[in-house]
Amino acid sequence: MTSPTSTTRTEGTVQVSLLDLAAAALSSSIVAADQITSMAWQHDKDGNVDKKNVRLKTDGSFVTDADLAAQQIIVDAIRKVSPDVRIVGEESEEEMKSHAITGHEERSEAMFRLCQQEIGIRYRRTNEPLPLAQRKNSNKQSSSSTTTTSAKHGDEEAASPTTETDDQPQYDAKEEALTASIVSRDSLGTGIVQDRMEVVEVESSRVSVFIDPLDGTKAYTKGDYDPVSILIAIILDQTPCFGVICKPFGYPGQTSILDTGCVAIYGGTLLGGAFTAGGSVCNIVSSTSLPQTPNSTGNTSSTALPPPTTICAGTSDSPRNVSQNLEDLPRAVISSSRSQGIVQDFVTHLGDRGMINPQPLLISGAGEKSLRIILRSENEGLWFFPKA
């Protein structure tokens, strides 16, 4: 599964390719999504929908067999690239081993090769067909995150490169140039990072991988699949450099991967941007969708939404009319369980000052919230998460 440069030893140190780790993270999330969706549709011997072997962990949270199977697939993929990087998983290694699964290895190998190619295309920024793009005549978008996926274990066609490349999306250098020209890159961090990392071979001791194999387990146990995500982060020197948010049941408006029905958004400073797997660059801010503000000549010009770091600027308690149109203001995404008390007070305070939309979006799942912030389909711009 690994490329010859995945892990090398130099003068007593073990090196690892961050690009190969990224490919392993992306590919394993896609294969893990197969397990999560297939277990969701399993039936018991009486024909009833199985309860996925739901049980409580010692910390009071839920866990299912799908959590453990997904984490095993991801850990195996990371370990094949580098046995030396630090892995922090949501589930315990002992329980994961006690519920070990097999039969996914061939698909994992094939998917890794495809992801390795796509990650390389993103990093090199070359105009080539994207290996994870949907096939000709397949649906172009995931219309619902609760539809049954067409991917099955052992479906070699879904894990193999397509030969019909005419309709496949390609990495568009012009699209990237457009992004760079319309997204602010000031010192406050507005917009997305455009400079990719130059050094991708690093000491494995500097790298950690964090895994949440099934974010939204409680919703999953109830048959609510919209909040379900697979989350993987690659950390270099205590700083995130790559991440994957995979939606096993799809995501409205986003291109699904090959014929799997799942959607993945990935990227970070390693690649210099965020991307839809098999699809386009994320965070393209259209000039028609940006708030219009008058400039010194009296004309209007597009400006990016204020970054979160500017929200609390100023000391005045007097209301401040930043925008006459609520739709121009960033919306907060918060959990329903955290929608009262200090969080609601904070939203109300900033809303009264005209700095955010006073109506927050109640969203379940860390992965779903993160994806909302990235895609901003409803102008999502802040995520309040108070610490005790």
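**Figure 1. Val-244 pairs with Tyr-266, its bridge partner in strand 10.** This is a predicted model. Strand 9 and strand 10 run antiparallel and are joined by five bridges. Strand 10 is mostly covered, with five of its six residues buried. Strands of a sheet pair through backbone hydrogen bonds, in either a parallel or an antiparallel way.

**Figure 2. Strand 10 and strand 11 form a hairpin.** Four residues separate the two strands. Gly-272 sits in the turn and has a positive phi of about 75 degrees. Strand 11 covers residues 273-276. Four bridges join strand 11 to strand 10, and the two run antiparallel. Within this pairing, Gly-267 stands opposite Ala-274 of strand 11.

**Figure 3. Tyr-220, Tyr-225 and Phe-249 form one aromatic cluster.** The structure holds four aromatic pairs. In one of them, the ring centres of Tyr-220 and Tyr-225 are 5.6 Å apart. Their planes stand at 55 degrees, so this pair counts as tilted. Tyr-220 and Tyr-225 are both buried. Tyr-225 also pairs with Phe-249, and here the rings are stacked. The centres of Tyr-225 and Phe-249 lie 4.2 Å apart, with 10 degrees between the planes. Tyr-225 belongs to the loop between helix 6 (217-221) and strand 8 (229-236). Phe-249 belongs to the loop between strand 9 (239-247) and strand 10 (263-268). The pair therefore ties together parts that are 24 residues apart in sequence. Like Tyr-225, Phe-249 is buried.

**Figure 4. Arg-196 lies over the face of Tyr-123.** The distance from Arg-196 to the ring centre of Tyr-123 is 5.3 Å.

**Figure 5. Arg-107 makes a side-chain polar contact with Asp-34.** The contact between the two side chains spans 2.4 Å. Arg-107 lies in helix 4, which covers residues 105-124. Its relative accessible area is 7%. The cut-off for buried is under 20%, so Arg-107 counts as buried.

**Figure 6. Three strands form an open sheet in the order 15-14-16.** The pairing in this sheet is parallel. Strand 15 (361-362) and strand 16 (380-383) are the edge strands. Each of these edge strands pairs on one side only. Strand 14 covers residues 331-334. Three bridges join strand 14 to strand 16, and the two run parallel. Ala-332 has Leu-382 of strand 16 as its bridge partner.

**Figure 7. Gln-238 and Leu-258 each have a positive phi in a residue other than glycine.** Most residues other than glycine have a negative phi. Phi of Gln-238 is near 70 degrees. Gln-238 sits in the loop between strand 8 and strand 9. Its relative accessible area is 76%, and Gln-238 is exposed. Phi of Leu-258 is near 45 degrees. Leu-258 is found in the loop between strand 9 and strand 10. Leu-258 counts as buried, at 1% relative accessibility.

**Figure 8. Leu-130 and Gly-278 are 5.5 Å apart in space, C-alpha to C-alpha.** In sequence, 148 residues separate Leu-130 from Gly-278. Leu-130 lies in the loop between helix 4 and helix 5 (173-182). With a relative accessibility of 0%, Leu-130 counts as buried.

**Figure 9. The mean pLDDT of the protein is 75.** A pLDDT of 70 or more is reached by 64% of the residues. Over residues 1-5 the pLDDT is below 50.

Conventions. Residues numbered from 1 in each chain as written. Predicted model: local features only at pLDDT ≥ 70, side-chain atom pairs only at ≥ 80, totals over all residues. Heavy atoms only, no water. Phe/Tyr/Trp six-rings, centres within 6.5 Å; stacked < 30°, edge-to-face > 60°. Buried < 20%, exposed > 50% of the residue type's maximum accessible area, 1.4 Å probe, protein only. Lys NZ or Arg CZ within 6 Å of the ring centre and 35° of its normal. Pairing = 2+ DSSP bridges. pLDDT = per-residue confidence, 0-100. Contact = heavy atoms within 4.5 Å. Polar contact = N/O pair within 3.5 Å; in protein donor to acceptor, adjacent residues only side chain to side chain.
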